Amino acid sequence: DDDDDDDERRNKMRIVHSSKSQPLKSWIKSKYERFCSVMVNKVERFDEQYGIAPETVPDLHCQYDFRRWTAKSKATFRSSSPIVLLGRFYDHKDHSVSDDSSTSPNTSFRMRPLTGHEVTVGNYEEFKRSFDSFFWFTYRREFTKMEGSSYTSDCGWGCMLRSGQMLLAEGLRKHFLGKDWSYHRRQKSGEELFHRQIITWCSDKLDVHCPFSVHQLVNAGNKVGKKAGDWYGPASVAHILKAAMEEGSKMNPLLAQLKVYVAQDCTIYKGDVKELCKETRRRTSGPKFEESSEHSSVEEPLIWRPVIVLVPVRLGGESLNHIYTSGVQYFLQLNRCIGVIGGRPKHSLYFTGYQDEHLIYLDPHYCQQCVDTDKKDFDLSSFHCRTPQKMNIKNMDPSCTIGFYFRTEAQFDEFCTLFNDEMAPNRNTPIFVIQEGKLEYEGSSDDDRVQVDCVLRIPHYDEDGNVLNHSNDDFVML
């Protein structure tokens, strides 16, 4: 039934036990693995009876984390509603056949003027291929020990870091492979190289050549008081990703092409973004034949570095305020958006689209074997997911981070202009704002600036759009 909530189906497939007894855990694990082997031999009948996607069944044994096991249920999509996936729109029609009704002014795909002429319309099969092209980073086990700890797996605590990896990887994909790249298309040599390189950058080991590994992200989190085993929030992960990119840029010239900007106080300051992205390239004009033999340095015009903009926000108090639901859907319609990291309370997810009132997401809560990316042709299949999942937007945790990618300054300026025009009707209850100029720090020292960076000031609104004044809740320590 299309109206069934996917969370209810998922709960029916979840087995949870709270015992801390190791013998009991081993016994349950052996019984579970035997159960999985039976399932593998009866995939087709099991799929028909319980609605579990066949391609996920052989991997069920990888999802054991000593606390719960999850069988991925097959999400259903209404044939009467469009599916939105980061600026692309899909339905169940065959678009290879000309259909005059598709250009009708009343078509459901003309949803937001901001997406403009770059809207892509495809059928359901194209949607599945597009979803499978996202990078999927999940819990891994049996990787090298984390520095200063005994952890050889991030299972149970690293889900937000994994969601952050997926968000960043989508920005890297658009930068190095282009927005039209597909995992299912025949790969050119350069595409295959960058495809594997993005995965390698996120490989699970402490290596300077893997700047976005969970090991490196944890090390970056140490600077803000986080350590391995702690739970990370979407706002703190945004700052960790920025720090990881800055470190990675020092070692890799490819990453030096890209910048990461984190918005402060739910505000994107255009002056700060442009100052971060614009650089003056110096070149040597030739030797000086006077008193010195030094070369003269000539400044070339400013060049723009592509940027990933991360905006940490909180969309309510204890639960999501419904006045923000249309805003979340709005951003997922934009081709400049690279997704949203958030999820349910204490359960991180990476949102990539929606259909009607349900968000489409990638779930990092599947524990898989660590992959050795040093091998020449390492297996790529575990880094892509063929099973889209859905969740009712009302169950979304109010704390999240929204990501955008801008290749050129013109794209950024266009986004700022159209964003302010589009959000004008909701100016009293914005998710975030864009302002001219730069952020003015109250303190003059570096320590004062760090303190400002670690505090997110958030206005809360009631259902009528009135500002709620809570002295403590207006500040969230990251």
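The model is predicted: local features need pLDDT of at least 70 and side-chain atom pairs count only at pLDDT 80 or more, while totals for chains, interfaces and linings use all residues. Residues are numbered from 1 along each chain as its sequence is written, and side-chain values use heavy atoms, with hydrogens and water left out.

**Stop 1: helix H6**

Select residues 189–201, which form helix H6. Helices (H or I, at least four residues) and strands (E, at least two) are DSSP runs, numbered from the N terminus. H6 has 13 residues and reaches 18 Å from its first C-alpha to its last, close to the 18 Å expected at 1.5 Å a residue; the expected span is 1.5 Å times one less than the number of residues. Now colour by burial (buried: under 20% relative accessible area; exposed: over 50%; partly exposed: in between; 1.4 Å probe, protein chains only). The buried residues of H6 include Glu 191, His 195, Arg 196 and Trp 201.

**Stop 2: Lys 390**

Select Lys 390 in strand E16 (residues 389–392). Lys 390 counts as buried, at 2% relative accessibility. Which backbone oxygen lies 2.5 Å from a polar atom of its side chain? That of Thr 76.

**Stop 3: salt bridges**

The structure holds 19 salt bridges, each a side-chain nitrogen of Lys or Arg within 4 Å of a carboxyl oxygen of Asp or Glu.

Start in helix H4 (residues 124–132), where Lys 128 and Glu 125 lie 3 residues apart, about one turn of the helix. An α-helix has 3.6 residues a turn, so residues three or four places apart point the same way. The closest N and O atoms of the Lys 128 and Glu 125 salt bridge are 3.2 Å apart. Lys 128 is partly exposed at 33%, and Glu 125 is partly exposed at 41%.

Next, select Asp 154 and Arg 162, whose side chains meet in a salt bridge (2.7 Å, N to O). Are they buried or exposed? Asp 154 is buried, with a relative accessible area of 0%, and Arg 162 is buried, at 1%.

Then select Asp 374 and Lys 205, a salt bridge with 2.6 Å from N to O. Asp 374 lies in the loop between strand E15 (368–369) and E16, and Lys 205 in the loop between H6 and helix H7 (214–222), so the pair ties together parts that are 169 residues apart in sequence. Asp 374 is exposed at 60%, whereas Lys 205 is buried at 15%.

Definitions and conventions: Polar contact = N/O pair within 3.5 Å; in protein donor to acceptor, adjacent residues only side chain to side chain.
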